[in-house]
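Subject: Structure for your files

Dear colleague,

Please find the structure below.

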Amino acid sequence: MKIENSVHIPVLVKEVLEYLNIRPGAKLIDATINGGGHTKAILEKYSDVKILGIEWDPVIFENCKLKIENLSQNLILVNDSYVNLKNIVEKYQFEPDGILFDLGLSSWHYEESGRGFSFRKNEILDMRFNPEVEHESAADIVNKYSENDLRELISSLGEEQFAGNIAKNIIRTRREKPIIMTDELVNIISQSVPEWYKHRKIHFATKTFQALRVAVNDELGNVRKGILAAIDVLKPGGRLVVISFQGLEDKIVKEIFKEKTREGIVEFVIKGTVRPTWEEQKTNPRSRSAKMKVVQKI
Ligand SMILES: C[S@@+](CC[C@H](N)C(=O)[O-])C[C@H]1O[C@@H](n2cnc3c(N)ncnc32)[C@H](O)[C@@H]1O
């Protein structure tokens, strides 16, 4: 499948370049390379830098290869999950001076993937980042989980206040027939929330869709494993830059950074969080929720 129309605009590019503290000949890992937005910006400025790029989604990976493989001989592209960072680093004998995580999903996932990430398109409820891996899809969760488990999942991973009603109505609907398409789920959510909830800036289905996506891909577990592995493999003096778009992810990053600071393994390069400038937020609305945190290995 070719990626035709969607353009994923990289966020906080200037800040990523600054905080990675890139030296001549440095080895960097882009743990979520997607279309290579950040990688391209790095290579344009530092042509002798070596980059190992990781992407879990096989469709995005193939397109990324076509687009940027020829940019530099110093580029290695790997189709895997960053959870396997340690094995990847060993396999390619790549000791990194810096690692970037730009978490979450690509604009392509919403706009073109056809996997049901967007509540604005009527597609099969899949939501797997890597459909080649055999694991639960969003439709499996919606049709198999108990009412309690659904309520807990939508409430904890989506922070959705009407999780109880939504779970109850999912169970009621699926007694008649399985819930397969995004539109069916949107209708259920619409019947489960009050009218005022449908007139807010954030779409009433956002949180439920987010909860399902995070659960399907075990995103919080992956972030934890990936960040811990990154701290492990980083060279002393190397920088770890993490951009998150979601409160729960950001919390995990903050907790690991604090824990590893207490253990004397890393130190904070900046206290708190770097946010996109007002200018960036205006030109790229997706950047509005971006939060960047940076540590350095001791
Ligand atoms: C926000 S995008 C990164 C954008 C990229 N920095 C750019 O500027 O083009 C996040 C990417 O991470 C990928 N991804 C999600 N989970 C992953 C994982 N566990 N391992 C590797 N890649 C992952 C997604 O498929 C998506 O392409």
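A residue is called buried here if its relative accessible area is under 20%, calculated with a 1.4 Å probe on protein chains only. Please keep in mind that this is a predicted model.

By that cut-off, strand β5, residues 239–244, is mostly covered, with six of its six residues buried. The burial applies to both faces of β5: R239, V241 and I243 lie on one side, L240, V242 and S244 on the other, and all are buried.

β5 has pairing partners in β4 and β7. With strand β4 (residues 98–102) the pairing is parallel and runs over five bridges; within it, L240 of β5 is the bridge partner of I99. With strand β7 (residues 291–297) the pairing is antiparallel, over six bridges. There, R239 has Q296 of β7 as its bridge partner.

Now the helix pair. Two packed helices are described by the angle between their axes and the distance between the axes. For helix α9 (residues 182–192) and helix α10 (residues 206–216), the axes come within 10 Å and cross at roughly 130°. The two helices are therefore oblique to each other, and their crossing is right-handed. On the α9 side, the contact is made by T182, L185, V186 and I189; on the α10 side, by T208, F209 and L212. Sorted by type, the residues of this contact are five nonpolar and two polar, with no charged ones.

Regards

Technical notes: Residues numbered from 1 in each chain as written. Predicted model: local features only at pLDDT ≥ 70, side-chain atom pairs only at ≥ 80, totals over all residues. Heavy atoms only, no water. Buried < 20%, exposed > 50% of the residue type's maximum accessible area, 1.4 Å probe, protein only. Helix = DSSP H or I, 4+ residues; strand = E, 2+ residues; numbered from the N terminus. Pairing = 2+ DSSP bridges. Axes fitted to C-alpha atoms, helices over the stretch in contact; angles between N-to-C directions. Parallel < 35°, antiparallel > 145°, perpendicular 65-115°, else oblique. Left-handed = near helix turned anticlockwise from the far one by under 90°. Contact = heavy atoms within 4.5 Å. Nonpolar A, V, L, I, M, F, W, Y, C, P; charged D, E, K, R; others polar.
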